[in-house]
Amino acid sequence: RSRSYQWKRWYHVAVFETPRKIFDDACIHFVFLVFWGLFFISGYLAYEDRLWPDFAADVIGEEELDQFEEMYTGFGTRSVGDNYQMMGFYVFNNAGIGLSCFVWMLLILPGLVTLTFNAVYLGAVFGYMFRPDMGEAGINFKNFVTAHGPFELTAIILAAGAGLKIGLSWLNTKGLSRFDSLAQTARATLPIAMCAVILFVLAAMIEGFISPLPESVLPWWVKGLVGIASSCCLMIYFVCLGYPRRQHTRGGPLF
């Protein structure tokens with residue numbers, strides 16, 4: 001609050017410092033591997049029911065599975081006002097998931113349990129709804145999640161990673177007092193948390209205005225292009241901009 005807003009400084013933080021921080025952060029790497037590992041394992045078990053026939057029902061529950069099938073049967077066109085209303089709902093709903101991962105990660109073990117639950121639950125939903133025998137509900141689900149999925153799931157990982165980083169700081173203080181260690185780590189982690197917030201908002205915008213459009217209005221391949229473009233943006237920001245730059249021993253920067 002005491003600092004004046006400096007566009008050049010914030011541009012440097014957003015474009016150079018933050019992606020490199022995220023690229024090099026061990027907590028983000030750990031959460032990334034745990035989340036996607038459990039997500040894909042859960043999704044495979046729910047999709048290929050020969051290995052564990054009742055896996056989806058055991059994780060999600062029969063009643064909720066029926067609700068998912070009913071929810072994605074008979075997709076209709078919404079009004080613009082409804083889209084704005086649903087976008088606001090998605091912002092709070094998605095941010096609620098991210099916030100729960102972030103807050104519980106401050107205590108580490110409860111955060112790992114929360115992250116595990118969300119990864120397994122979401123993976124089971126995706127695997128179950130992507131089954132060939134799901135018919136119209138499966139097609140509508142695929143149409144709905146394709147466009148906004150990359151931003152939303154990445155935001156959950158960033159939120160959990162930021163919480164874990166702060167949570168570990170009160171265990172490993174590196175010679176500081178616990179309060180100073182928490183405060184210093186929280187300041188360093190703020191850009192990661194802000195990235196998560198931005199991605200949640202972007203996901204909600206896509207989820208509110210693009211994802212619910214039926215295939216007759218917006219073909220699935222268009223939503224697929226949106227999902228690919230979103231994934232490319234994430235790769236450019238977190239990998240291309242985040243990849244460490246090395247200096248020549250003589251001369252200027254290598255990149």
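**Terms and their grounds**

Mentor: In this predicted model, the axes of helix 2 (residues 26-47) and helix 8 (residues 149-169) come within 8 Å and cross at roughly 135°.

Trainee: Why is helix 2 called oblique to helix 8?
Mentor: Angles over 145 degrees count as roughly antiparallel and those from 65 to 115 as roughly perpendicular; the crossing is at roughly 135°, and that makes helix 2 oblique to helix 8. The handedness of this crossing is right-handed.

Trainee: Which residues of helix 2 and helix 8 make the contact?
Mentor: From helix 2 come C27, I28, F30, V31, F32, F35, W36 and F39, and from helix 8 come L153, I156, I157, L158, A160, G161, A162, L164, K165 and L168. By class, the residues of this contact divide into 16 nonpolar, one polar and one charged.

Trainee: Which residues touch the most other members of the largest nonpolar core?
Mentor: That core has 33 residues, and those touching the most other members are I22, V31, F35, L153, I156, L158 and L199. At least two residues each are supplied by helix 2, helix 5 (80-105), helix 6 (109-129), helix 8, helix 9 (178-209) and helix 10 (220-240), while the largest share, 10 residues, comes from helix 8.

Trainee: What is I156 in contact with, leaving aside its neighbours within four places in sequence?
Mentor: With F35, I97, C101, L122 and F200, where contact means heavy atoms within 4.5 Å. There is also a second, separate core of 20 residues, which includes A57, I60, A137 and V145.

Trainee: Why is T173 called buried?
Mentor: The cut-off for buried is under 20% relative accessible area; T173 has a relative accessible area of 16%, and is therefore buried. The place of T173 is in the loop between helix 8 and helix 9, and, not counting residues up to four places away in sequence, T173 touches R178 and S181.

Trainee: How many helices and strands are there in the protein?
Mentor: There are 10 helices and zero strands, so that, read along the sequence, the pattern is α-α-α-α-α-α-α-α-α-α.

Trainee: What share of the residues of the protein count as buried?
Mentor: Of the 255 residues, 40% count as buried. As for contacts between residues at least 6 apart in sequence, 76% join residues at least 24 apart.

Methods: Residues numbered from 1 in each chain as written. Predicted model: local features only at pLDDT ≥ 70, side-chain atom pairs only at ≥ 80, totals over all residues. Heavy atoms only, no water. Axes fitted to C-alpha atoms, helices over the stretch in contact; angles between N-to-C directions. Helix = DSSP H or I, 4+ residues; strand = E, 2+ residues; numbered from the N terminus. Parallel < 35°, antiparallel > 145°, perpendicular 65-115°, else oblique. Left-handed = near helix turned anticlockwise from the far one by under 90°. Nonpolar A, V, L, I, M, F, W, Y, C, P; charged D, E, K, R; others polar. Core = buried A, V, L, I, M, F, W, Y, C linked by side-chain atoms within 4.5 Å. Buried < 20%, exposed > 50% of the residue type's maximum accessible area, 1.4 Å probe, protein only.
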